[in-house]
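Keep the structure open beside you as you read.

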Amino acid sequence: MTQEVARLKLTQALKECDQHGFHLRLAYEEAVHFKALRTGAHENLSNEEIRTLDQLLFRFGRLQDAMGLRLLPSLLVLLAEWREGEPFLDKLNRAEQLGILPSAEGWQVLRELRNQASHDYPDNPEMMLSALANLIRHVPDLEKSYLHISQIARFRV
Amino acid sequence: MRLTPHQITILKEVGLEVFGPQARLYLFGSRTDDTQRGGDIDLYVTGVHNTVAEMLAGKIRFLVRAKQRLGERRIDLVFAPAEGKTQEPIQRIARETGIAL
């Protein structure tokens, strides 16, 4: 019964992640061409480009949250590796040992990149652009990590 | 200051590893106040002279490693202003009230 519920949750989590991943990819493919991010000249960012960057940031965050809060937990339940009350960092490390997650440290790096890019730097646009450019460079890492987990997950649903 | 000697050691070790021996770490904000509870660990870093991109990369490395060793908690890190740059209010408060680790 518990396994059945976990399997359903896993299916839903995969669907949710796929959607976020799709919109993240669209935003990424546009954002890599933004001149302002290469030159650091923030005044050259158009309103449309800012909207795309908002989309990228939003979908990046939602994908990582869905992976960390729903996909990974249901997968651990299905593999009988879920431990109630275990700190999230320990879960990440165990997921790495089990081969589910490519790298726990890599995961934390993506998390900090997103925190830094979500931060508003009203007095420091140079820092803001740098944080966004940094995040964009790492979008393929998040995608790779998702591909890895989702391939394992799809065998279980 | 509300950091244990063990936490201070870890923060200094990670700071040395990421920013090198010329960098100094100062604690500021609510953790310097013994009458409060909990709160973010706010750190001020001096002696790091890099490009914005390098400083950001260093900040991320520092936060990831510090959290790996201290467990998940809120840590924030503010760099001293680069030469010729105006000091932001947070940098002024950090410089005036920070306690060296």
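In this predicted model, B:Leu25 stands opposite B:Val45 in strand E2 of chain B. Strand E1, residues 24-28 of chain B, pairs with E2(B) in the antiparallel sense, and five bridges hold the pairing. On another pairing, E2(B) is joined by five bridges to strand E3, residues 75-79 of chain B, and these two run parallel. There B:Val45 stands opposite B:Phe79 in E3(B).

E1(B) pairs with E4(B) in the antiparallel sense over two bridges, and B:Tyr26 stands opposite B:Ala100 in E4(B). Put together, the four strands of chain B form an open sheet in the order E3-E2-E1-E4, with mixed pairing. E3 and E4 (99-100) of chain B are at the edges with a single partner strand each, so one side of each has no neighbour in the sheet.

Is strand E2 of chain B mostly covered or mostly open? Mostly covered: six of the six residues in E2(B), which spans residues 41-46, are buried. In a regular strand the side chains alternate between the two faces of the sheet. In E2(B), B:Ile41, B:Leu43 and B:Val45 point one way, while B:Asp42, B:Tyr44 and B:Thr46 point the other way, and all are buried.

Now for the charged pairs. Side chains of opposite charge can pair when their charged atoms come close. Over all chains, the count comes to 17 salt bridges. Here are four of them, with the separation of the N and O atoms.

| Residue | Partner | N to O distance |
|---|---|---|
| A:Glu16 | A:Arg70 | 2.8 Å |
| A:Glu81 | A:Arg94 | 2.8 Å |
| B:Arg65 | B:Glu17 | 2.6 Å |
| A:Glu126 | B:Lys85 | 3.3 Å |

Take the pair of A:Glu16 and A:Arg70, whose closest N and O atoms are 2.8 Å apart. A:Glu16 is buried, at a relative accessible area of 18%, whereas A:Arg70 is partly exposed, with 34% relative accessibility.

The salt bridge between A:Glu81 and A:Arg94 also has its closest N and O atoms 2.8 Å apart. A:Glu81 belongs to the loop between H3 and helix H4 (88-97) of chain A, and A:Arg94 to helix H4 of chain A, so the pair ties together parts that are 13 residues apart in sequence. A:Arg94 counts as buried, with a relative accessibility of 10%.

In chain B, B:Arg65 and B:Glu17 form a salt bridge whose closest N and O atoms are 2.6 Å apart. This pair links distant parts of the chain, with B:Arg65 in helix H2 (residues 52-70) of chain B and B:Glu17 in helix H1 (residues 5-19) of chain B, 48 residues apart. B:Arg65 is partly exposed at 23% relative accessibility, and B:Glu17 is partly exposed at 47%. Back in chain A, salt bridges with shared partners join A:Glu81, A:Arg83, A:Glu86 and A:Arg94 into one network.

Finally, where do the chains meet? The contact takes 14 residues from chain B and 15 residues from chain A. The area buried between chain B and chain A is about 1,400 Å², and carbon and sulfur atoms give 60% of this. Which residues of chain B lose the most area to chain A? They are B:Val52, B:Leu56 and B:Ile60, which together account for 38% of what that side buries.

Two salt bridges are counted between chain B and chain A, including the one between the side chains of A:Glu126 and B:Lys85 (3.3 Å, N to O). Three residue pairs are in polar contact between chain B and chain A. The side of chain B that touches chain A divides into six nonpolar, two polar and six charged residues.

Terms used:
Residues are numbered from 1 along each chain as its sequence is written. Chains are lettered from A and ligands numbered from 1 in the order in which they are written. This is a predicted model: local features need pLDDT of at least 70, side-chain atom pairs count only at pLDDT 80 or more; totals for chains, interfaces and linings use all residues. Side-chain values use heavy atoms; hydrogens and water are left out. Contact means heavy atoms within 4.5 Å. Buried area is the accessible area (1.4 Å probe) that two parts lose on being put together, summed over both. A salt bridge is a side-chain nitrogen of Lys or Arg within 4 Å of a carboxyl oxygen of Asp or Glu. A polar contact is a pair of N or O atoms within 3.5 Å; within protein, one must be able to donate a hydrogen and the other to accept it, and residues adjacent in sequence count only if both atoms are side-chain atoms. Ala, Val, Leu, Ile, Met, Phe, Trp, Tyr, Cys and Pro count as nonpolar, Asp, Glu, Lys and Arg as charged, and the others, Gly among them, as polar. Buried means under 20% relative accessible area, exposed over 50%, partly exposed in between (1.4 Å probe, protein chains only). Two strands pair if DSSP finds at least two bridges between them.
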